[in-house]
Amino acid sequence: FAERGFDNTTVKDLCSAAGVGSGTLFHYFADKRAVFHALLDLDRDTTVADLRAIAHDDPAQRLWAVVDRLTEDLSDPAAGAFMLAILGQLTTDPRVGEILGEIDRVAEEILRDTMEDLLTNGGATGWDAADAATWIRSIVDGLYLRCADDGFDPAAEQARLRLVLTRMLGLDPACG
């Protein structure tokens, strides 16, 4: 899907990439859309479990662990092309939005709770926790929209993201 997009990927392409015959593929999946959903489901389940497992007592450490997990896939060379395949399906396949929406809900919840802890402890100023969580997710999402761009450097962008969030949220730079 990352190489050809959803519409241009054939069942033959999927079988070749997986090293299985079409009978095996169809034993487990009804069609290529089911394979696409399964990939997204697997990513959702892994991401949600990883986010829920983050348990730093220090809210700044928790924030960076969440941000790092949300941006982890930027270093995958196929991330940009796969993101384009996903975006192409959002308007035609409601299930794609449902799957991605679950990650968004969990990330938003954890970020909101983390921001409430930061605000309570004086680690961030001038924000409503829910607004801050939405802004953080929006900025992270923006990086995924750009990760297919020529010259995109995931490590540099993640460092820039930390700087932007540190300044935006009024965090102590030593925490970033």
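The model is predicted, so local features need pLDDT of at least 70 and side-chain atom pairs count only at pLDDT 80 or more, while totals for chains, interfaces and linings use all residues. Residues are numbered from 1 along each chain as its sequence is written, and side-chain values use heavy atoms, with hydrogens and water left out.

**The pocket**

Rolling a probe the size of a water molecule over the atoms shows where empty space is left. The largest pocket holds about 1,000 Å³. Here a pocket is an open set of points on a 1 Å grid over the protein atoms alone, where a 1.4 Å probe fits, with protein on both sides within 12 Å along at least five of seven lines. Its lining residues have an atom within 4 Å of a point. Volume is the space filled by probe spheres set on the points.

The largest pocket has 37 lining residues, and Leu-40, Asp-43, Phe-82, Met-83 and Ile-86 are the closest to its centre. Among the helices that give two or more residues to this lining are H4 (32-53), H6 (79-90) and H8 (129-146). Helices are DSSP runs (H or I, at least four residues), numbered from the N terminus. By type, the lining has 25 nonpolar, two polar and ten charged residues. Asp, Glu, Lys and Arg count as charged; Ala, Val, Leu, Ile, Met, Phe, Trp, Tyr, Cys and Pro as nonpolar; the others, Gly among them, as polar.

**The rings**

The whole structure has four aromatic pairs (ring centres within 6.5 Å; planes under 30 degrees apart are stacked, over 60 edge-to-face, the rest tilted). Phe-1 and Phe-36 form an edge-to-face pair, because their centres are 4.9 Å apart and their planes stand at 75°. Phe-1 sits before helix H1 (5-8) and Phe-36 in helix H4, 35 residues apart. Ring pairs join Phe-1, Phe-6, Phe-36 and Phe-82 into a cluster.

**Single residues**

Buried means under 20% relative accessible area, exposed over 50%, and partly exposed in between (1.4 Å probe, protein chains only).

| Residue | Relative accessibility | Class |
|---|---|---|
| Cys-15 | 8% | buried |
| Cys-147 | 12% | buried |
| Leu-145 | 53% | exposed |

Leu-145 and Met-83 are 62 residues apart in sequence, with 7.2 Å between their C-alpha atoms.

Technical notes
Phe/Tyr/Trp six-rings, centres within 6.5 Å; stacked < 30°, edge-to-face > 60°.
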